[in-house]
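Try each task before reading its solution.

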Amino acid sequence: MLYYSLVFLATILFALQFLFNQKFEGVRGSDLKSALEFTFYKSLVIVVMMLIISGFKITVTPFSLALSVVYAAACILMTYFSMKAFAVANLSVYSVFSMLGGMLLPFLLGVGFYNEKLTLFKIVCCALITVSVLLNLKSGKQSKKAFLYYMAVFVLNGGVGVISKIHQSSEIAHTDSTGFMFLSSAVSVLISGIWLLIQHKNIPLIKGKSLVYASGYGIFNGVGNWLLLISLSNLPASVQYPLVTGGVMVFSTIISAVRKEKLSKTDYIAAAISFAASVLMAF
């Protein structure tokens, strides 16, 4: 029950983290430079957090370091293709591909390669969440390039979950959850920092609201992913990731309602379906 509670807390943090993301984009813009700045500072916050949590004792293994590089590259490329998609694509369709990739790829990995049981409840849960996500599709501008960006986001967001599962389930010597979050975030700081230096000759010093928003996102995202890594060592990926996707949809709807944003009946139906799917997954 403890690990389900960790997943529950993580989904709340993920639903809230987008508030900081939106605020940062409102202040700094949504171009590639802004994305790199955001990645640099939010990752730096996570590095500091993980150092504090670990008591400044981080274990580094070749396996964990190698996977952390892949993990960080996937996160940065995800940010890049997200920005490209925002410029030419339908935001609601982008969200669908992102959420479905984040759920389905780790689910298939767990069932196909880690002998996780494929139960009727899991199948029904994934089907319901897929329907729920698709209900969020809205009309909007499209582009011939959009599908390529959608598929990149689908694969990269799912890839983050796949890498997490591989690391946490490996019999090869690897660091703990705190260490892996530290390593992947440190690599993100390094890559985004070098990218900024090459393209813009400096790393902009952000302050004020921008720093608050990047730090807030780093705290919520970092703790959320850290909790998922801990629970992933004890829960099947085919259970955890559908729960995360469904939970984020439910809590995002609740947050939007509290903020008095305009929500349609379809939004509430989608959230209700996600909630039902999450309940089914507990059986």
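**Exercise 1.** Locate F97 and list its contacts beyond four places in sequence.

*Solution.* Start with the element: F97 sits in helix α4, residues 91–113 (a helix is a DSSP run of H or I, at least four residues, numbered from the N terminus). Next, take the contacts (heavy atoms within 4.5 Å). With neighbours within four places set aside, F97 touches F147, Y150, M151 and F154. Finally, check a distance: V155 is 58 residues from F97 in sequence, yet their C-alpha atoms are 8.8 Å apart.

The model is predicted: local features need pLDDT of at least 70, side-chain atom pairs count only at pLDDT 80 or more, and totals for chains, interfaces and linings use all residues. Numbering runs from 1 along each chain as its sequence is written, and side-chain values use heavy atoms, without hydrogens and water.

**Exercise 2.** Count the disulfides and explain the state of C126.

*Solution.* The count is 0 disulfides (cysteine sulfur pairs within 2.5 Å). C125 is in none; its nearest cysteine sulfur belongs to C126, 5.4 Å away. For C126, the closest cysteine sulfur is that of C125 at 5.4 Å, so the gap is too far for a bond. Now test burial (under 20% relative accessible area, 1.4 Å probe, protein chains only). C125 is buried at 0%. C126 is buried at 8%.

Definitions and conventions. Helices (H or I, at least four residues) and strands (E, at least two) are DSSP runs, numbered from the N terminus. Buried means under 20% relative accessible area, exposed over 50%, partly exposed in between (1.4 Å probe, protein chains only).
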